[in-house]
2 protein chains.
Amino acid sequence: MRIEIICTGDEVLTGKIVNTNFSYMSQKLEDVGLAVQWETTVGDHREDLLRAFQLAGERADAVIVNGGLGPTVDDLSQEIAAQAAGVDLVLHEGWLARMEDMFQRRSRVMPPNNRKQAMLPATAEMIDNPVGTACGFAVDIGKARFFFTPGVPRELRRMLEEQIIPRLLARSGVQTTIYLKRFHSYGLGESHVDAMLKGIEDLVPEGTVKLGFRAHYPQLETKLTVRGTDMDDVRTKLAPVEQEVRKRLGNFILAEDDATLEGTILNHLTQGHATLSIVEMFTSGQIAARVAPLPGAEAVFRRGVVARSVADIYTAVGLTDAPLDGAVTPAMAETIAITARRQTGATHALAVLVELDAGADRMDFGGTICLAIATAHDVASRRSRIVGGREWVRLGAVEMGLDCLRRYLQGLPVQERIDFEKTDEKP
Amino acid sequence: MRIEIICTGDEVLTGKIVNTNFSYMSQKLEDVGLAVQWETTVGDHREDLLRAFQLAGERADAVIVNGGLGPTVDDLSQEIAAQAAGVDLVLHEGWLARMEDMFQRRSRVMPPNNRKQAMLPATAEMIDNPVGTACGFAVDIGKARFFFTPGVPRELRRMLEEQIIPRLLARSGVQTTIYLKRFHSYGLGESHVDAMLKGIEDLVPEGTVKLGFRAHYPQLETKLTVRGTDMDDVRTKLAPVEQEVRKRLGNFILAEDDATLEGTILNHLTQGHATLSIVEMFTSGQIAARVAPLPGAEAVFRRGVVARSVADIYTAVGLTDAPLDGAVTPAMAETIAITARRQTGATHALAVLVELDAGADRMDFGGTICLAIATAHDVASRRSRIVGGREWVRLGAVEMGLDCLRRYLQGLPVQERIDFEKTDEKP
């Protein structure tokens, strides 16, 4: 089945808005085994919209159109859809009543121009939007079935997942259940993980499990798309493959599915009735900013300290014998973590020290990271070098700090060679 | 002149990569008075690429193609460009020599498959890429001039700004200099600023200055695109309009052009030989994360403290009489700012306290913000309410904290009604 997507609207066409609706839709379709083959963006412009609908109607079997369902005059999707389908626009009484009801429940009178949102092509199938006034619909144009969706991301997401993907899967004729299993890791590059998981798809009949990746430095998402007759079949087919992925990626898996690194850390601390303080340098508060805002973190997160130099950090945690300026060391990080833990009364403290190389920012600009995790009876530390520019070092230091804490809490080695670090010493 | 953009590559088409190259290109063209009318995304697929080139060649006067110039077999742009133009691919000796030189300077031998990057359509004009091995080029397909650009953002940016935009402007036949003037503000919505600046374009001859906006909450960018015969003419035409914008937006302008809010703050502090400590709650270190990483901040930023409750903050700054749990107040923020300043030895301290409403996150979820700025002899504070969900409140609190500090440093009132705050009291 050939699928195309058409994105509409001047804000997207002029680049005022980055088109995340498109990448979201395309990924969602990939996740259920469908593929988008062509995307078109046009503005709020009658002739271009009509031409885009006609061209896609000649090429594709199914087309998703995003945007242009609003109440204002520059929202043209219903009107041009009717024109392209060769039918009239007619009032959908049911949707008009729904809109009037929505307004009434908010004690507001519906403005007259919202009536436009209930005008659909005569041959259209209405598609429900439970969270907004823009009515979705499906209609045939050329040889393709067109699905019209709202531009508001929250409304699009509900409609795509609940209404449109099931219709697309039904049209694709494949009677299958599709399930997406995800593993999140830190420290291994995409091509490395790809090599580590070589042959994993062959553990089950051909085409049952498809391996894929989504890299967003510093994390990597490993995806298994599983096809089966129903969820029981999916689970049976997935079981040996997911077990093998866990075995091969081992300590590097920091979370699965919707879980996150910071969520994993928070769960471990919460379950152990533990509390956490964080001391940061150069990462400027970005480690605390990952953990502290989580729901439930108020009971765990004790204090965050941010400073620009080792000397300032020593003062901040109440140490008096600040070392003269020199290279950061794991021992320094240990001293700081131990003292900060004691000072703030937390059960755990994480200290992340970063020392940047001298000179201007450039691709091979690097930094030395020394981090430590302290509890009342124990301290663990590691030293690492990351190269790739200031921002790259910063992102890497934040993730390494959190991942080492995750490893410590899970009883795994804090020291394990990762792809992003350089073994060579600082020049 | 009708301009189209074609983005190529499976990573963009499948949504693995969000297409920021497109929004960047479209905005850059808008900024110089050119407009993109149609965008197409296709994968690394021969037939779709050829069809996309042919269709754009029928409709447009100029087409920018992005991606597909790499050394691997799935990079097809040169080959399909030659096919669409009806010419052969020929080796560009000059580019081959350039590439070999680039590899040599890095003490590496050029892999054989890089040779492919020097193969251009016979009729192509080579376009320089000073920062990579992907050679840009221009060629006629149908009635349009096609410009082929690399997918690597850094390489695309250089080539678009230095090579392609001048060519497009020359082709558009308009002998003008175009200049973009930008103002950044916080606290006023786009429609509000639009109304405040009503008639501003009429201060100069019609079509000389065009007003536009780019909203990225919590900040708003107001753009003036100015056309003139040369830079002197541009400056003459811009002068009365920019003066009027400064007058009307007044205290709300936090920076102009490439300057930023945090940069403005850092400049003021640096010039006054001042230092800064920051105490945050709920914003989780995001205020410190804006200031502390800036080049030069090491001399200014003294310390950041992050905690989850007023009681914890009191302890962290060394206060013993923490109030029992109750509403945050400006007086509390003042006490904390005064104490933190004294404790850390900074000349200035900013304290931002946030108290969230009870209940689940939702669109009308709100928070109360109390912030204070203290120096040795003075303290200023303000209280505000922001509604719109947890993340909205967090972003608003970060920006309000920084903007109030900017206002304080510039001798402007810290209290000034903004569009994002609710005047009604917490229910």
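Reader: Is A:H273 buried or exposed?

Author: A:H273 is exposed, because 9 other C-beta atoms lie within 10 Å. The cut-offs go like this: 20 or more other C-beta atoms within 10 Å is buried, 12 or fewer is exposed, in between is partly exposed, and the C-beta atoms are placed from the backbone. Keep in mind that this is a predicted model, where local features need pLDDT of at least 70, side-chain atom pairs count only at pLDDT 80 or more, and totals for chains, interfaces and linings use all residues.

Reader: Where is A:H273?

Author: A:H273 is in the loop between α9 (261-271) and β13 (276-281) of chain A. Helices (H or I, at least four residues) and strands (E, at least two) are DSSP runs, numbered from the N terminus. Residues are numbered from 1 along each chain as its sequence is written, while chains are lettered from A and ligands numbered from 1 in the order in which they are written.

Reader: And what's its phi?

Author: Positive, about 50 degrees, although A:H273 is not a glycine. Most residues other than glycine have a negative phi.

Reader: OK, chain B now. What about B:D257's phi?

Author: B:D257 isn't a glycine either, yet its phi is positive, about 55 degrees. You'll find B:D257 in the loop between β12 (253-256) and α9 (261-271) of chain B. B:D257 counts as exposed, because it has 9 C-beta neighbours inside 10 Å.

Reader: Switching topic: which peptide bond is cis in chain A?

Author: The one from A:Y217 to A:P218, with omega near 5 degrees. A:P218 lies in the loop between β10 (209-216) and β11 (219-228) of chain A. In chain B, a cis peptide bond joins B:Y217 and B:P218, with omega about 5 degrees.

Reader: Helices next! How do α2 and α6 of chain A cross?

Author: The axes of α2 (residues 20-31) and α6 (residues 153-172) in chain A come within 11 Å and cross at roughly 20 degrees. Axes are lines fitted to C-alpha atoms, for helices over the stretch in contact, and angles run from 0 to 180 degrees between N-to-C directions. So α2(A) is roughly parallel to α6(A); angles under 35 degrees count as roughly parallel, over 145 as roughly antiparallel, 65 to 115 as roughly perpendicular and the rest as oblique.

Reader: Which residues of α2(A) meet α6(A)?

Author: A:N21, A:M25 and A:K28, and their partners in α6(A) include A:L156 and A:I165. Contact here means C-beta atoms, placed from the backbone, within 7 Å.

Technical notes. Contact = placed C-beta atoms within 7 Å.
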